[in-house]
Amino acid sequence: MGGRPPRRVRRRGSRIHRIVPRAIALSVVMWLAQAALLFGSAGRFDWPMAWALLCAIVVVAVCGFAALDPELIAERSKPTPGFDRSDAVLASISGLALIFIPLQVAGIDVGRLQVPHFPIEVRIAALGIFLLGNLFSIWAAHCNRFFSDFVRIQHERGHHVVSNGPYAHLRHPGYAGGIAAYLAVPVALGSAWALLPALVGAALLVARAAREDRMLHAKLAGYCAYAARVRYRLLPGVW
């Protein structure tokens, strides 16, 4: 026999279907903001590597929406009760330093002066690293339905340890992919100066990974045993 689904399920499905279009709209706004930073600080539009980077960002976004479960997209679209507010502050600062400030610095450095610091072969390779790093993070999110933007134990979603996919080798593959991807952006754009704020942002992400790891050890059942099996957090053989 059929029948209507329970009201609670219908409400959750309705919420997800409302939030996913909002998440897509937010991605468009973020893309426009990054384009404005690049071309506004450069003062010109004839900058091929900036256009190549913006195209790569679109590819990453499309892959993310195609690969991720709508429920996870809804979870990541806005803060949920119980998230760590200090982690949210750290995430915001690291995002500015790693993603947005380097775009503006590169625009001034390379866009206006038109003197890239890296040869074209290195810049193209860095663009490839940007794509691969982001795809690695998307793979991690695809394997981990608890891949939230902010640190919290998701009791209402049955939070448990995930050890498949990249989590079989690294405890925080999402951070690892993101750091690799966005450290590659200044190189892809040709700006050595833009690497400076990006390195600060990367250091803050490493700090976030360390804080999250401590919290998971303390609060997530089974995480200590998992950490004993998977020794490295971000970089195999190093840390």
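**Exercise 1. The largest cavity**

Task: In this predicted model, find the volume of the largest cavity, then describe its lining.

Solution. 
Step 1. Take the volume. The largest cavity holds about 40 Å³.
Step 2. Count the cavities. There are two cavities of 30 Å³ or more.
Step 3. List the lining. Q34, L53, I57, I99, L103, F130, Y182 and V185 line the largest cavity.
Step 4. Seven lining residues are nonpolar, one is polar and none is charged.

A probe the size of a water molecule, rolled over the atoms, shows where empty space is left.

**Exercise 2. Two packed helices**

Task: Decide how α4 and α6 are oriented: roughly parallel or roughly antiparallel?

Solution. 
Step 1. Know what to look for. Two packed helices are described by the angle between their axes and the distance between the axes.
Step 2. Read both values. The angle between α4 and α6 is about 10°, and their axes lie 9 Å apart.
Step 3. Apply the cut-off. Angles under 35 degrees count as roughly parallel. Therefore α4 and α6 are roughly parallel to each other.
Step 4. Find the touching residues. On the α4 side these are L98, I99, P102, L103, A106 and V110. On the α6 side they are G178, Y182, L183, V185, P186 and L189.
Step 5. Sort the contact. Eleven of its residues are nonpolar, one is polar and none is charged.

**Exercise 3. S94**

Task: Is S94 buried or exposed, and what does S94 touch?

Solution. 
Step 1. Locate the residue. S94 sits in helix α4.
Step 2. Check its accessibility. The cut-off for buried is under 20% relative accessible area. S94 has 3% relative accessibility, so S94 counts as buried.
Step 3. List the contacts. Leaving aside residues up to four places away in sequence, S94 touches I99, G201, L204, L205 and R208.

**Exercise 4. L170**

Task: Where is L170 found, and which residues does L170 touch?

Solution. 
Step 1. Locate the residue. L170 lies in the loop between α5 (120–143) and α6 (173–189).
Step 2. Check its accessibility. L170 counts as buried because its relative accessibility is 6%.
Step 3. List the contacts. Leaving aside residues up to four places away in sequence, L170 touches F136, A176, Y226, V230, Y232, R233, L234, L235 and P236.
Step 4. L170 and L234 are 64 residues apart in sequence. Their C-alpha atoms are 6.0 Å apart in space.

Definitions and conventions: Residues are numbered from 1 along each chain as its sequence is written. This is a predicted model: local features need pLDDT of at least 70, side-chain atom pairs count only at pLDDT 80 or more; totals for chains, interfaces and linings use all residues. Side-chain values use heavy atoms; hydrogens and water are left out. Helices (H or I, at least four residues) and strands (E, at least two) are DSSP runs, numbered from the N terminus. Buried means under 20% relative accessible area, exposed over 50%, partly exposed in between (1.4 Å probe, protein chains only). Contact means heavy atoms within 4.5 Å. On a 1 Å grid over the protein atoms alone, a cavity is a set of points where a 1.4 Å probe fits but cannot get out, and a pocket is an open set with protein on both sides within 12 Å along at least five of seven lines; lining residues have an atom within 4 Å of a point. Grid points are joined across faces, edges and corners, and a volume is the space filled by probe spheres set on the points. Ala, Val, Leu, Ile, Met, Phe, Trp, Tyr, Cys and Pro count as nonpolar, Asp, Glu, Lys and Arg as charged, and the others, Gly among them, as polar. Axes are lines fitted to C-alpha atoms, for helices over the stretch in contact, and angles run from 0 to 180 degrees between N-to-C directions. Angles under 35 degrees count as roughly parallel, over 145 as roughly antiparallel, 65 to 115 as roughly perpendicular and the rest as oblique.
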